[in-house]
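Colleague: I would like to go through this model with you, one topic at a time. Could we start with the charged side chains?

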Amino acid sequence: MVRHHAVDALFAQARREKRCVVAPTDTEFKAIQRRMRSGAIVKPFRGLYAQTDYWNALDRYERIRHIVRALAKRHPDWVFSGPTAAVMHRLDCSYRLAWPLHVVGSPDAHYRNTSRLRRYVISDPEVVELEGVKVTGLLRTLFDCAATLDLRYSLAPIDSSVRSGFVDKDVLLAYPSSVKYSSHRRTVMRAFDLADARSENGGESSARGMLHDMGCPPDDIQVEFPCLDYPNRRHRVDFLWRISRDGTSDDGQVALEFDGTRKYVDPDMTSGRAIREVVDDERRRQQCLERQGLSVVRMHANELDAPWRVIHELEEQGVRRTK
């Protein structure tokens with residue numbers, strides 16, 4: 001293939017700026033189209049391009065950021081909001097919320113939303129600039145997520161903002177009263193009140209949000225128990241309920257463990273162990289907890305959308321639903 005040096009320069013600059021390419025002229029556009037036909041270039045968004053090998057090496061969230069940075073370059077007046085702003089703030093956010101991208105819309109304009117882009121009217125949005133992209137400020141982003149998303153989705157960015165030290169919980173709780181013209185203040189306050197820096201990742205936050213919505217809020221999270229086999233080791237459970245069937249007696253404890261896929265495949269979490277070793281270690285850990293009188297229920301990430309098996313098992317172990 002004949003090299004087009006202007007196109008090569010476009011992609012080199014885009015890689016330095018960690019964004020997709022926008023073809024500035026018809027000549028570059030035609031050259032990019034030729035490379036697309038050969039498979040060397042992909043088009044992840046309308047009018048945006050990236051080299052295939054480079055794109056495939058990016059994780060899912062960095063791909064979103066590359067698209068957003070390119071759109072911000074093409075539309076410098078756009079302000080990104082909601083889950084899109086949460087991704088740019090580098091908060092935990094379910095990838096299911098990656099699309100459509102959220103952009104602040106003008107109250108007096110009419111837009112046609114698509115599966116890839118949606119505009120939301122926000123009165124007087126607080127705007128900050130991150131990596132060349134205009135986004136709603138952190139607190140406003142969290143407010144909008146809590147106001148528009150189910151609790152199982154909004155808790156992840158809220159928890160991660162507190163866990164990462166981006167905002168103090170007292171500041172978080174005080175913020176909703178400063179937002180004008182909102183009919184969702186009670187919903188937001190409920191989500192903000194549940195913010196907990198102890199939640200270790202977005203999956204656990206989502207699971208906790210689901211448990212609250214299903215009427216099974218845990219009594220505590222990230223509770224430690226001794227290891228009976230190794231004195232220097234501790235076992236920490238994700239969620240814990242203390243059971244009292246008659247309201248007065250102590251009838252044991254129930255633990256729920258959230259099993260995200262990262263636990264088995266992420267090198268940072270497996271310490272270089274094979275999947276089988278991780279599974280064997282998890283089984284020994286559960287057996288140790290059961291020897292201490294805990295009933296252990298396991299939940300998988302794909303059950304966030306269909307939690308009835310988990311809820312039923314918790315009820316069988318004595319957890320009472322509040323609704």
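Predicted model: local features only at pLDDT ≥ 70, side-chain atom pairs only at ≥ 80, totals over all residues.

Colleague: Is Glu303 buried or exposed?

Modeller: Glu303 has a relative accessible area of 12%, which is under 20%, so Glu303 counts as buried.

Colleague: How many salt bridges does the count come to?

Modeller: The count comes to 29 salt bridges. One of them joins Glu200 and Arg236, whose closest N and O atoms are 2.5 Å apart.

Colleague: Where in the chain are Glu200 and Arg236?

Modeller: They lie in distant parts of the chain, 36 residues apart. Glu200 belongs to the loop between H9 and H10, while Arg236 is in strand S8, residues 234-242. Glu200 is partly exposed, with a relative accessible area of 37%, and Arg236 is partly exposed as well, at 34%.

Colleague: Which residue does Asp220 meet in a salt bridge?

Modeller: Asp220 meets Arg242, at 4.0 Å from N to O. This pair also links distant parts of the chain, with Asp220 in strand S7 (residues 220-226) and Arg242 in strand S8, 22 residues apart. The relative accessibility of Asp220 is 23%, so Asp220 counts as partly exposed. Arg242 is partly exposed too, with a value of 46%.

Colleague: Which residues are linked in a network of salt bridges?

Modeller: Glu62, Arg65, Arg69, Arg90 and Glu131 are linked in such a network.

Colleague: Let us change topic to the rings. How many aromatic pairs are there?

Modeller: The count is four aromatic pairs. Among them, Trp78 and Phe80 are edge-to-face, with 6.2 Å centre to centre and 70° between the planes. Both of these residues are buried.

Colleague: And why is the pair of Phe143 and Tyr175 edge-to-face?

Modeller: The planes of the two rings stand at 75°, and an angle over 60 degrees counts as edge-to-face, so the pair falls in that class. The ring centres are 6.2 Å apart.

Colleague: Where do Phe143 and Tyr175 sit?

Modeller: Phe143 is in helix H6, residues 138-148, whereas Tyr175 is in the loop between helix H8 (169-174) and helix H9 (185-193). The pair therefore links distant parts of the chain, 32 residues apart. Both Phe143 and Tyr175 are buried.

Colleague: Which charged ends sit over a tyrosine ring?

Modeller: The charged end of Arg60 sits over the ring of Tyr95, 4.4 Å from its centre. Likewise, the charged end of Arg233 sits over the ring of Tyr230, at 4.6 Å from the centre.

Colleague: One last topic, H10. What span should its 12 residues have?

Modeller: At 1.5 Å a residue, helix H10 (residues 202-213) should span 16 Å. The expected span uses one less than the number of residues. The C-alpha atoms at the ends of H10 are 16 Å apart, which agrees.

Colleague: Is H10 mostly covered or mostly open?

Modeller: H10 is mostly covered, with 10 of its 12 residues buried. The buried residues include Glu204, Arg208, Met210, Leu211 and His212.

Colleague: What caps the N-terminal end of H10, and what follows the helix?

Modeller: Asn201 caps that end, with a side-chain oxygen 3.1 Å from the backbone nitrogen of Gly203. Gly215 follows H10, and the phi of Gly215 is positive, near 80°.

Notes
Residues numbered from 1 in each chain as written. Heavy atoms only, no water. Helix = DSSP H or I, 4+ residues; strand = E, 2+ residues; numbered from the N terminus. Buried < 20%, exposed > 50% of the residue type's maximum accessible area, 1.4 Å probe, protein only. Polar contact = N/O pair within 3.5 Å; in protein donor to acceptor, adjacent residues only side chain to side chain. Phe/Tyr/Trp six-rings, centres within 6.5 Å; stacked < 30°, edge-to-face > 60°. Lys NZ or Arg CZ within 6 Å of the ring centre and 35° of its normal. Salt bridge = Lys/Arg side-chain N within 4 Å of Asp/Glu carboxyl O.
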